[in-house]
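Visitor: I'd like a walk through this model, with cut-offs spelled out. Can we take it piece by piece?

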There are 2 protein chains.
Amino acid sequence: MPLEQALEHLLEAAARAPISACEVVALEHADGRVLAADLLAGCDLPPWPNSAMDGYALRLEGWNGEPLAVSQRIFAGTAPAPLRAGTCARIFTGAPMPEGADCVEMQENTEVLEDGQVRFTAPLKPGQNVRPQGQETRAGDTVLVAGTRLGPVELGLAASLGHAELSVRRKPRVAVLSTGDELAEPGQPLAPGQIYNSNRRVLISWLQRLGCEVLDAGILPDDLALTRARLQGCQAADLILSTGGVSVGEADYLGQALREGGELGLWKLAIKPGKPLTFGHYAGVPVLGLPGNPASTLVTFALLARPYLLRRLGCAEVQPLRFKVRAGFAWPVAGNRREFLRARLEGERAVIYPNQSSGVLRSAAWAQGLVEVPEGTTLAEGDGVYFIPLSEVLG
Amino acid sequence: MPLEQALEHLLEAAARAPISACEVVALEHADGRVLAADLLAGCDLPPWPNSAMDGYALRLEGWNGEPLAVSQRIFAGTAPAPLRAGTCARIFTGAPMPEGADCVEMQENTEVLEDGQVRFTAPLKPGQNVRPQGQETRAGDTVLVAGTRLGPVELGLAASLGHAELSVRRKPRVAVLSTGDELAEPGQPLAPGQIYNSNRRVLISWLQRLGCEVLDAGILPDDLALTRARLQGCQAADLILSTGGVSVGEADYLGQALREGGELGLWKLAIKPGKPLTFGHYAGVPVLGLPGNPASTLVTFALLARPYLLRRLGCAEVQPLRFKVRAGFAWPVAGNRREFLRARLEGERAVIYPNQSSGVLRSAAWAQGLVEVPEGTTLAEGDGVYFIPLSEVLG
């Protein structure tokens, strides 16, 4: 199955199962959350006409061009008095215009006379150097649409418009499940035949970055009844995310339980790493099964699970940016699956980790991004390839 | 001052004031932290020779090619018995090799006879389809160097090698200070002349993403004695980060306090937005003063404050990736400062927000990245420009 087709299936399924409950949270707790409703400006920005310069505010109407006395000084943050007729006001950048003034002259075009009066040395126009109220944003404008993921910039924007709290989608509850008796937790000694479970740590940290609440469902024992019980225990989850263990092989208790108690789709993705993917449900709770070797888990989470989760939260933009760069390597043998190679930029060329074997997390830690080599394609050094920065998918 | 020169100054100052205290934290608390010491592999990976295929393990030495009886079945996660002489073992991908076996034949090249014995139909070589112990990583190998920022991938790598906790640099303590009586906090009504403080929210969220402990030092009153007292109150900080208010103008109490009680450098950066930058110290605590308008704060934090903080933690890589893309806009008038335009990708072209006025946070919320237009340069549509994804600087 081509990647695009798998993604389309998953995004359609996500749109049919939105996580639509909302909660109101303070700005300081909203980083990484998804906005539940359009955010309207709570006030005009700027809230009042203000000066774009350090200079003098005056009223052109009825003025004959003579020097003017300075009747007040207006700093940012102060509330000016109305402008006294026949005077000007010293004013600083960002300070509110006094009532009655209709323009600002920058100080460079003025001269302070011996008696303290100010002479204006250049022609003046009504409204010059004045930022009108609401120039950037009008109260009631939609400034962020529902489905926006909130980060420092969006939170600052909400703050600038007076919002101290926001309505966000509730956190998705994701049950993380590893399969396989061979897995041991770090810090424990390895029994014979055991290896350390790395995917659990990758996925829990990653899901937390995506604003999920993680239910650690542990390691699934190689036993059918226990597998069923464990899946039953995940009924409060919005998604069961498993790694490893669903296959057509022997000892596949997770697959067997899903076939009995729900639905099991097995997809052979035309990507490398990351061929086998499971999507189905158990008693109505969606189950997404990623391949178990760490590089495959990484690629399928980045390209499929992450967009799926974000779409369930109503995000419109769920795909990472990718950039055309030059290959700093040759790819002499065309593959029959699209490859995602762990890569770094050297200058403007992408170089790849020497060992792209799917078991190697070291390559992913070394990498700054993934280079996409399409199926059926060979590359010479200098050919164009797409580069997906890891920063685009890790947050 | 060119951007490169300002960055060099800041990185040198950062290297002279490292935050070098360490603490040991569990993996689940290490996301976003900086590794304090090289991480050595705690075990070989794989920890024992194992099968790369589903098939049969056998011993070539002394074997005459006749069919072999199956003496055990070895799943991943089990501890095999030594291979009985004159037999083979059914074995699955990832399962440990039994002692005495020296190769694996994939099941496709075998035939199970009526009596259950297995016939091997292709030539065999010692070591085939066996992944040797330590093939990926040897116990004692350096797998992550000190100064690495830890994310999901690095934490997974540490887990795969058996580490349950890591030694990391302590969190930098950053005091965030806004200047200006005109600032009100969101949720409060605006007094005349006041605007809402947005930079505080941007910076606090951003610093937390960078693994900092934020001390909210509030809004600095426009008063010299109170300013001195507030700076004294930040003596436990590793950095005082202020926005707005340091200038050569009137009512500059922060600048005055720094000149008296420390050192004040005022840089005019040749970038737009973001011209005025302050770097100095108060009683030995470094002070970095960013310009106060929100787009300037964003650009100077991304390009200068972030690298400075990461370098103080010992990070080698502190600069964002940037990519050459085509301009989807024309830039007919060359500027005298380098411009960083809020931009999005449309196809493979960068398009810019129509209003690049430095006061507009909306443009930054709309943007996917910053496009760099060098000083003294005009652009036609289709010309090459650098694009810095916001994801590269926001985490």
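Predicted model: local features only at pLDDT ≥ 70, side-chain atom pairs only at ≥ 80, totals over all residues.

Visitor: Which domains is chain A divided into?
Guide: The bounds come from an automatic or database domain assignment. That gives domain 1 (3–21 + 171–312), domain 2 (25–42 + 145–169), domain 3 (50–131) and domain 4 (323–394).

Visitor: How many residues of domain 1 of chain A are in contact with domain 2 of chain A?
Guide: Contact is a C-beta criterion: two residues count if those atoms, placed from the backbone, lie within 7 Å. The C-alpha centres of domain 1 and domain 2 of chain A lie 30 Å apart. On the domain 1 side, facing four residues of domain 2, the number is four.

Visitor: Is helix 3 of chain A enclosed or exposed?
Guide: Helices here are DSSP runs of H or I with at least four residues, strands are E runs of at least two, and both are numbered from the N terminus. Buried means 20 or more other C-beta atoms within 10 Å of a residue's own, exposed means 12 or fewer, and partly exposed is in between, with C-beta atoms placed from the backbone. Nine of the eleven residues in helix 3 (residues 199–209) of chain A are buried, so this helix is largely enclosed.

Visitor: Is helix 3 of chain A roughly parallel or roughly antiparallel to helix 2 of chain B?
Guide: Axes are lines fitted to C-alpha atoms, for helices over the stretch in contact, and angles run from 0 to 180 degrees between N-to-C directions. These two pack at about 155°, with axes 7 Å apart. Under 35 degrees counts as roughly parallel, over 145 as roughly antiparallel, 65 to 115 as roughly perpendicular and the rest as oblique. That makes the pair roughly antiparallel.

Visitor: What is the handedness of the crossing of helix 3 of chain A and helix 2 of chain B?
Guide: A:Asn199, A:Arg201, A:Val202, A:Ser205 and A:Trp206 meet B:Pro152, B:Val153, B:Leu155, B:Gly156 and B:Ala159. A crossing is left-handed if the near helix is turned anticlockwise from the far one by less than a right angle, and right-handed if clockwise. Here the crossing is right-handed.

Visitor: Which element of chain A gives the most to the side that touches chain B?
Guide: Across the two chains, 71 residues of chain A are in contact with 70 of chain B. Elements of chain A that each supply at least two residues include strand 11 (142–144), helix 3 and helix 7 (361–366). With eight residues, the top contributor is helix 2 of chain A.

Visitor: How are helix 1 and helix 6 of chain A arranged, roughly parallel or roughly antiparallel?
Guide: The axes of helix 1 (residues 3–16) and helix 6 of chain A come within 8 Å and cross at roughly 25°. Their crossing is right-handed. The two helices are therefore roughly parallel.

Visitor: How many charged residues are in the contact of helix 1 with helix 6 of chain A?
Guide: Helix 1 brings residues including A:Leu3 and A:Leu7, while helix 6 brings A:Arg311 and A:Arg312 among others. Ala, Val, Leu, Ile, Met, Phe, Trp, Tyr, Cys and Pro count as nonpolar, Asp, Glu, Lys and Arg as charged, and the others, Gly among them, as polar. That contact has eleven nonpolar residues, no polar ones, and a charged count of two.

How values were computed: Residues numbered from 1 in each chain as written. Chains lettered and ligands numbered in written order.
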